[in-house]
Amino acid sequence: MRVVILCSSPYSETSCAVAARLAQLRHVPVGALTLPSWDRRTLLRKVGQWGLRDSLQYAVSKLSPNKSTVRKHVRNPYLESALRHGDGVFRSLREVARAYGFPVVACGDQNSPRAVAQLKQWSPDLAIFTGGNILRDEVLKVPRLGIVNAHLALLPEIRGMSSPEWSLLCGVPLGITIHFMGSGVDTGPILLRREFAGADGCDLLADLRNKMIAEGIELIAEAVAGLDRGTISAVPQTYREKDCQFFVMHEQLKAMATRQLKKGRLNPVGGRCDGSGGSNG
């Protein structure tokens, strides 16, 4: 199985963990296509999510030559086991690539002719999307099987952005869906769909999301292994009138979702949830 990684930054912990976990399971990527280290859109998104101070601290932890304290700078602690390497942890995708022997290529746009040409050169059976641009059909069609994404909610019930938070507000069980990406928003065929049982003890949405990201990586690895063995196949999504596509959540609604998380309740807090937005899937 020839697998490539598509990611938003060579310093993405999620991308590093996906590549390392696949390599540990003998599915070493044939290559990784990443946006530049300092891609403006990625930086603005991270500053918006984490704040300027935490974003700077994260950058320092990845770029500092001192590795003696690197382990405490893993932002998502649930990824540490996948990132662990020797007496430290992988801090960049290039470190993972050097350890397992695959190339990392940076491009300004994952839809550019150069990016498409590089993907075709690698001739992948499968691509794993861990972040970056909204992918166009020319890219989506390159891998023989398709491009896989981990969505932090059950599909088709919760599509779009801020999916764990909307699951909490809408009374939909927390879950993770591994699916093929398509031209729509989280509309591609489903490979794995699992309810998430690890929310106990989570008082913060960030902690919940971190746990779900780690679980999503394990499910990606399971899906890759299943596709390689021919033991799983994709199932088209079925849609109902109440299925929704959501925007990024407003801070006041995030506060409501946090209260639902702390209560351990998955009951909707109001009327029907509506919205739109998100990236293709």
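Start by selecting phenylalanine 246 in this predicted model: phenylalanine 246 has a relative accessible area of 0%, so it is buried.

Now return to the whole chain and look for aromatic pairs; the search finds two.

For one of them, select phenylalanine 90 and tyrosine 100. Their rings lie 6.3 Å centre to centre with 50° between the planes, a tilted pair. Phenylalanine 90 sits in the loop between strand E4 (88-89) and helix H5 (93-100), tyrosine 100 belongs to helix H5, and ten residues separate them. Colour by accessibility: phenylalanine 90 is at 2% and therefore buried, the cut-off being under 20%. Tyrosine 100, at 29%, counts as partly exposed.

Tryptophan 166 is in helix H8 (residues 163-170) and phenylalanine 246 in strand E11 (residues 244-246), 80 residues apart, so the pair links distant parts of the chain. With 9% relative accessibility, tryptophan 166 counts as buried.

Keep H8 on screen and show helix H10 (residues 251-263). The two helices pack at an angle of about 65°, their axes 9 Å apart. H8 is therefore roughly perpendicular to H10, and the crossing is left-handed.

Finally, show the side chains at this contact. From H8, pick Glu165, Trp166, Leu168 and Leu169; from H10, pick Leu253, Met256, Ala257, Gln260 and Leu261. By class, the contact of H8 with H10 comprises seven nonpolar residues, one polar and one charged.

Terms used: Residues numbered from 1 in each chain as written. Predicted model: local features only at pLDDT ≥ 70, side-chain atom pairs only at ≥ 80, totals over all residues. Heavy atoms only, no water. Phe/Tyr/Trp six-rings, centres within 6.5 Å; stacked < 30°, edge-to-face > 60°. Helix = DSSP H or I, 4+ residues; strand = E, 2+ residues; numbered from the N terminus. Buried < 20%, exposed > 50% of the residue type's maximum accessible area, 1.4 Å probe, protein only. Axes fitted to C-alpha atoms, helices over the stretch in contact; angles between N-to-C directions. Parallel < 35°, antiparallel > 145°, perpendicular 65-115°, else oblique. Left-handed = near helix turned anticlockwise from the far one by under 90°. Contact = heavy atoms within 4.5 Å. Nonpolar A, V, L, I, M, F, W, Y, C, P; charged D, E, K, R; others polar.
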